[in-house]
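Let's take a friendly tour of a protein chain. Have a look at the sequence and the structure first, and then read on.

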Amino acid sequence: IDDPFNSNYMSVSVVSKDKSKAFLLTYQRLYSANYEAHRVKMQGLDPDKRYFIRELGIEVGGSTIMNVGIVVNFPKGDFNTIKYHFDQI
């Protein structure tokens, strides 16, 4: 999703064949005190279904995740990785 050769971020997602589960791994190489919030737009989800994001404790529509994205708040420091699990509701 994010190309580490052209940005400070790397994001990879895996979606099950039936689109009922997904996993997102996103990585920030270097921290900046004045950084902008990073938004990740996943692909391959069912746009008509809702997903529960375990780590955030929220429900979001597949269409929203793919078109608006998820704002990732990395902790302070370099070389941070965050993972998210998506379960279809």
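## Around one tyrosine

Setting aside neighbours within four places in sequence, Tyr84 is in contact (heavy atoms within 4.5 Å) with Ala22, Phe23, Leu24, Thr26, Ile53, Glu55, Leu56, Val71 and Val72. This is a predicted model, where local features need pLDDT of at least 70 and side-chain atom pairs count only at pLDDT 80 or more, while totals for chains, interfaces and linings use all residues. Residues are numbered from 1 along each chain as its sequence is written, and side-chain values use heavy atoms, leaving out hydrogens and water.

Tyr84 also belongs to the largest nonpolar core, which has 16 residues; Met42, Ile65, Tyr84 and Phe86 touch the most other members. Such a core is a set of buried Ala, Val, Leu, Ile, Met, Phe, Trp, Tyr and Cys residues joined through side-chain atoms within 4.5 Å. Buried means under 20% relative accessible area, with a 1.4 Å probe and protein chains only. Two or more core residues come from each of β2 (21-28), β4 (50-53), β6 (70-72) and β7 (80-88). The largest share, three residues, is from β7.

How many helices and strands does the protein chain have? There are one helix and seven strands, in the order β-β-β-β-β-α-β-β. These are DSSP runs: helices are H or I with at least four residues, strands E with at least two.

Here are some values for the whole chain.

| Property of the protein chain | Value |
|---|---|
| Share of the 89 residues that count as buried | 30% |
| Span of the C-alpha trace along its principal axes | about 35 × 25 × 20 Å |

Notes:
Buried < 20%, exposed > 50% of the residue type's maximum accessible area, 1.4 Å probe, protein only.
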